[in-house]
Every structure is written in C-alpha cells, then in structure tokens.
Amino acid sequence: MSVTAELTYNILGEDKIYKGQCSNLSHSGIQFETDKLLLEGTSLEITIDTKSKKFKPMNAIVEVLRAESSGDNEYKVAGKILKYK
C-alpha cells in the first residue's frame, strides 16, 4: 500500500542513524528513498513513525533487495522485511 511517512534506519552493526521517506509498505516489503546508497544484501534496522496517535512506531529488520538512483543524490530502495521488532 502507498504510505508517506518519515523513517529512520541504521545499518546493523553500526551506530549512525540515517533518514528516509517511506513510499510503499506491505507485510513483507518496503520501498523508501534516502540520500545514502545502500548495497544489495545490506541489513537495516528501520523505524517508521507516522506521528499519529492511532499507530505506534513500527520497528523492523530489513534486507536491501535493490537500490536505484532517483537523481540528485537520492536513491529508491526496495527491501524485504525479515522480522518485526
């Protein structure tokens, strides 16, 4: 389903937090844009917070399936959700 929500993520094993914009979300997958090029197979811990009282923040472990340049140092990332936290 189409979703517009900010997300934060870190590469597993690293402390640095990055930001992105979620555009599509399903039970098993996610698509988002970010300014960091991520390699296929990279494992991420993501948090999506809609800032809505109706929904709690979602935390998950995601494996990057592909990342494509969308111009101006932005990358469209597709990932498989491996586990919800």
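A pocket here is an open set of grid points with protein on both sides within 12 Å along at least five of seven lines, and its lining residues have an atom within 4 Å of a point. I start from that wording, since the pocket is my first entry. The model is predicted.

**Entry: pocket**

I looked up the largest pocket. It holds about 190 Å³ of space. I then listed its lining: M1, V3, L25, I48, T50, F55, K56 and M58. By class I get 6 nonpolar, 1 polar and 1 charged residues in that lining. Rolling a probe the size of a water molecule over the atoms shows where empty space is left.

**Entry: the chain as a whole**

I checked the secondary structure next. The protein chain has 0 helices and 6 strands. Along the sequence I read the pattern β-β-β-β-β-β.

Then I asked what radius of gyration the chain has, and what a compact globule would have. The chain has 12 Å. A compact globule of 85 residues would be near 12 Å, so the two agree. The C-alpha trace spans about 35 × 25 × 25 Å along its principal axes. Of the 85 residues, 34% count as buried.

**Entry: barrel**

I traced the strand order. The 6 strands form a closed barrel that runs 1-2-3-6-5-4, with antiparallel pairing. From one strand to the next, the twist averages 45 degrees.

**Entry: strand 1 and its partners**

I followed strand 1, residues 2-11, to strand 2, residues 18-25. These two run antiparallel and are joined by 6 bridges. I noted two of the pairs. S2 stands opposite N24 of strand 2. T8 has K19 of strand 2 as its bridge partner.

The hairpin of strand 1 and strand 2 has 6 residues between the strands. In that hairpin I found G13 with a positive phi, near 95 degrees.

I also checked strand 1 against strand 4. Strand 4 covers residues 43-48. Here 5 bridges join the two strands, which again run antiparallel. On this side I11 stands opposite L44 of strand 4.

D72 has a positive phi near 50 degrees and is not a glycine. N73 is not a glycine either, and its phi is positive at about 55 degrees.

Where do I find D72? D72 lies in the loop between strand 5 (58-71) and strand 6 (74-84). N73 has its place in the loop between strand 5 and strand 6 as well.

I then checked accessibility for both residues. Is D72 buried or exposed? D72 has a relative accessible area of 78%. Exposed means over 50%, so D72 counts as exposed. N73 has a relative accessible area of 59%, so N73 is exposed too.

**Entry: T42**

My last stop was the loop between strand 3 (29-34) and strand 4, where T42 is found. Is T42 buried or exposed? Its relative accessible area is 18%. The cut-off for buried is under 20%, so T42 counts as buried.

Conventions: Residues are numbered from 1 along each chain as its sequence is written. This is a predicted model: local features need pLDDT of at least 70, side-chain atom pairs count only at pLDDT 80 or more; totals for chains, interfaces and linings use all residues. Side-chain values use heavy atoms; hydrogens and water are left out. Two strands pair if DSSP finds at least two bridges between them. Helices (H or I, at least four residues) and strands (E, at least two) are DSSP runs, numbered from the N terminus. Axes are lines fitted to C-alpha atoms, for helices over the stretch in contact, and angles run from 0 to 180 degrees between N-to-C directions. On a 1 Å grid over the protein atoms alone, a cavity is a set of points where a 1.4 Å probe fits but cannot get out, and a pocket is an open set with protein on both sides within 12 Å along at least five of seven lines; lining residues have an atom within 4 Å of a point. Grid points are joined across faces, edges and corners, and a volume is the space filled by probe spheres set on the points. Ala, Val, Leu, Ile, Met, Phe, Trp, Tyr, Cys and Pro count as nonpolar, Asp, Glu, Lys and Arg as charged, and the others, Gly among them, as polar. Buried means under 20% relative accessible area, exposed over 50%, partly exposed in between (1.4 Å probe, protein chains only). The radius of gyration is taken over C-alpha atoms; the globule rule is 2.2 Å times the number of residues to the power 0.38.
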